[in-house]
Amino acid sequence: MLLREQAGPLTDQQRKMLQEADKSCARIGSLVSEMSELGKLEDGQIMVSRVPLDLSALIVEVASSMYEGEDRGVRLETRVPGPVMVAGDRTRLAAAIGALMHAALRERGEPGVIVVECSTLSEINHTWAIVTIGDETAAKPLAAAARTTPPPFDEWRGGLGLALPVGRRVIEAHGGALWSAGGEHARAASALRLPLAG
């Protein structure tokens, strides 16, 4: 109401202070929502839908709305094949993949390219969709880890709220796994696998 000047005109300083307070309230609201979702996912209270969706198209869509890092010369590039079909909850998977993209862009210290690549992997008993997010150096080792028991995922990074812990649990609820790169790329690169539909 104050920002809409229902109580009278604001000075520039008052407007700036109210806008900052409004942003802080929005962040608190988002954090409370994430805490609720995380708790429900951990308790098994949320069932993810299993609707057929094209993971490649979802990745391109999510990437098109990413602007993090542009002011530092960091850009996002997608490399996706034709359709890669999985069964899942489109909204929750988009949020999880978006959080991973955001984290990689945020953590890249110098100008460059973060690549989001989607591929498939066939094993004796499983067929997987594999998504790697990171620079060229980190992508190959990340993809190779899909054939083994993937290393752990570093989900506790400052400044991202609970988006990464929620994202990990969403991916696991879909029968998938999420892991991080090791060494210097640990915070700026990650990968996930999801069962292919069918």
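## Exercises on a predicted model

Asp135 is found in the loop that runs between strand S5 and helix H4 (136-144).

**Exercise 1.** Determine whether Asp135 is buried or exposed, and which side chain it joins through a polar contact.

*Solution.* Step 1: the relative accessible area of Asp135 is 14%. Step 2: a residue counts as buried under 20%, so Asp135 is buried. Step 3: the side chain of Asp135 is joined to that of Arg108 by a polar contact of 3.1 Å.

**Exercise 2.** Check the span of helix H3 (residues 90-107) against its number of residues, then state which residue caps its N-terminal end.

*Solution.* Step 1: H3 has 18 residues, and at 1.5 Å a residue it should span 26 Å. The expected span uses one less than the number of residues. Step 2: the C-alpha atoms at the ends of H3 are 26 Å apart, so the two values agree. Step 3: the N-terminal cap is Asp89, with a side-chain oxygen 3.3 Å from the backbone nitrogen of Thr91. Step 4: buried residues of H3 include Leu93, Ile97, Leu100 and Met101.

**Exercise 3.** Describe the largest nonpolar core and identify the element that gives the most to it.

*Solution.* Step 1: this core has 35 residues. Among those with the most contacts inside it are Leu55, Leu58, Leu100 and Val131. Step 2: elements giving two or more residues to the core include helix H2 (55-63), strand S4 (112-122), strand S5 (127-134) and strand S7 (190-195). Step 3: H3 gives the most, with 10 residues. Step 4: Leu55 touches, among others, Val84, Ile97, Cys118, Val131 and Leu194, leaving aside residues up to four places away in sequence. Step 5: another core, of 12 residues, lies apart from the largest one and has Trp128, Leu142, Ala146 and Ala191 among its members.

**Exercise 4.** State what sits over the ring of Trp128, and how many aromatic pairs are counted.

*Solution.* Step 1: the charged end of Arg193 sits over the Trp128 ring, at 4.5 Å from the ring centre. Step 2: ring centres must lie within 6.5 Å to pair, and the count is 0 aromatic pairs.

How values were computed: Residues numbered from 1 in each chain as written. Predicted model: local features only at pLDDT ≥ 70, side-chain atom pairs only at ≥ 80, totals over all residues. Heavy atoms only, no water. Helix = DSSP H or I, 4+ residues; strand = E, 2+ residues; numbered from the N terminus. Buried < 20%, exposed > 50% of the residue type's maximum accessible area, 1.4 Å probe, protein only. Polar contact = N/O pair within 3.5 Å; in protein donor to acceptor, adjacent residues only side chain to side chain. Core = buried A, V, L, I, M, F, W, Y, C linked by side-chain atoms within 4.5 Å. Contact = heavy atoms within 4.5 Å. Phe/Tyr/Trp six-rings, centres within 6.5 Å; stacked < 30°, edge-to-face > 60°. Lys NZ or Arg CZ within 6 Å of the ring centre and 35° of its normal.
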